[in-house]
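Dear colleague,

Please find below the structure that I am handing over to you. My notes on what was found in it follow directly after.

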Amino acid sequence: MLGLQNLYSKFSNTLSTGLKASSEAGLTPPSPFLGKITNNNLAPLEADTVSFTGRKKTSAKTHDDSSLRSSDAYACLYVADNAAKKMDYHAFSLYRDLLPVSSEVHQEAKKLETIFKIKMCIFDSLLNNDAIKTTKTKPIAKKEVRVKSSQSIAKKMSTVVSELMQKNDGYPVNVSPALVKLKIHDLLGARLILAHGNNGEANAIINRLIESIEAGNGPKIKSIKNYGTHPYLTNKKAEDLADASTKEFGGDYPDVYNKRKTSGYTATHIIIEMANGIDAEIQILGRGVARVKEIEDVCYKGLQGKAISGLPEVSKALKKVGENPELKIAFNKYLTLAYETARTKWDKLSDDDLCKQKFPSINENILPSCLDLNNIEEALVEKAKHKSNKNS
């Protein structure tokens, strides 16, 4: 059982005795995850490491920081804060409590990594190999395989547990390895980037999966999800895969459905069953969509109020968007346009031609220019260069 009650009592005591003031400190609890957190930097947060924003205004008059520094002012304003921000604080606290069980599950998944890689070798004959010159383009441009890290598991589970507590009137949740496995279906993951992003290439991948299943060495399929308005996988081929899995393994028929993400994200996700309750996810998507997805993953953190390391301006802007329903709708429409452009125009391009393409421009009358995907991508590239130079 997690020590949530102890955390709650400890935090309540802090409120009753007053919070430590800072010249730049505001009044909302910290965002759940501030940049990259590891086991080595889980010391208590200092005031200057937290981006506090969103003071509650008691009148139209602007208050000086000095008028808000009494413990009573801090306590009253915090209590008046909304429930979602309180859950953010809990999520951050939960992260540290969840690391041990997350590490345990990560180690279990790690033991299955070799087996998973061997299973994914069925696609190697469909993979383009630059070292081998051929006039025929194969369906898969790139294959990537990974195990979800302990930190990523803990981050995702902290949000899951916070939501469960909220539905459960704040009662603690007993987090076991079994619950983690039940809630996270991509502890192991493979990403297959299509050469030209067409249905024929996606169907070829599914045909290979079906052949593997019928030969007796394929994975059991748990679900097949087509995301987006222009799915990579045809409905018939998805049903063929589900039928083959059910015929071979029996049990429940795999979930097969089309879904739309508010961001416009387009891909096919196939969840397969490994061992000991651990699932793996196979993602099928095109080059262009993969490029947008890399940036959307960064934006998703910011929309949740999480600080994006090295991008303070973007972090601040995305946090405001996440707190404003109208701005969030506008930003999702912008992402949808980017995904539509990537899916219909960029997926068929080579890597060299793809990198020359520009994202659609943002409407600066509605959203700040720092949220233009071109600007975010440029900032991420510069950040990566700086990190590489620092490490070299």
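How are α9 and α10 oriented to each other? This is a predicted model, and in it the axes of α9 and helix α10 (residues 312-323) cross at roughly 65° and come within 7 Å. An angle of 65 to 115 degrees counts as roughly perpendicular, and α9 and α10 are therefore roughly perpendicular to each other. Their crossing is right-handed. On the α9 side the contact is made by C299, G302 and L303, and on the α10 side by L318, K319, V321 and G322. By class, the residues of this contact divide into 4 nonpolar, 2 polar and 1 charged.

Helix α9 (residues 287-303) also packs against helix α11 (residues 325-346), at an angle of about 165° and with the axes 8 Å apart. Since angles over 145 degrees count as roughly antiparallel, that makes α9 roughly antiparallel to α11. The crossing of α9 and α11 is left-handed. From α9, the residues involved are G288, V289, R291, V292, K293, E296, C299 and L303; they meet F331, L335, A338, Y339, A342, R343 and W346 of α11. The contact of α9 with α11 comprises 10 nonpolar, 1 polar and 4 charged residues. Please note that C299 and L303 of α9 are listed in the contact with α10 and also in the contact with α11.

Turning to the aromatic residues, the structure holds 4 aromatic pairs. In one of them, the ring centres of Y227 and Y265 lie 5.9 Å apart and the ring planes are at 40°, so the pair is tilted.

Finally, a word on confidence. The chain has a mean pLDDT of 80, and 75% of its residues reach 70 or more. Where pLDDT is low, the predicted coordinates should not be read in detail.

With kind regards

Notes. Residues numbered from 1 in each chain as written. Predicted model: local features only at pLDDT ≥ 70, side-chain atom pairs only at ≥ 80, totals over all residues. Heavy atoms only, no water. pLDDT = per-residue confidence, 0-100. Axes fitted to C-alpha atoms, helices over the stretch in contact; angles between N-to-C directions. Helix = DSSP H or I, 4+ residues; strand = E, 2+ residues; numbered from the N terminus. Parallel < 35°, antiparallel > 145°, perpendicular 65-115°, else oblique. Left-handed = near helix turned anticlockwise from the far one by under 90°. Contact = heavy atoms within 4.5 Å. Nonpolar A, V, L, I, M, F, W, Y, C, P; charged D, E, K, R; others polar. Phe/Tyr/Trp six-rings, centres within 6.5 Å; stacked < 30°, edge-to-face > 60°.
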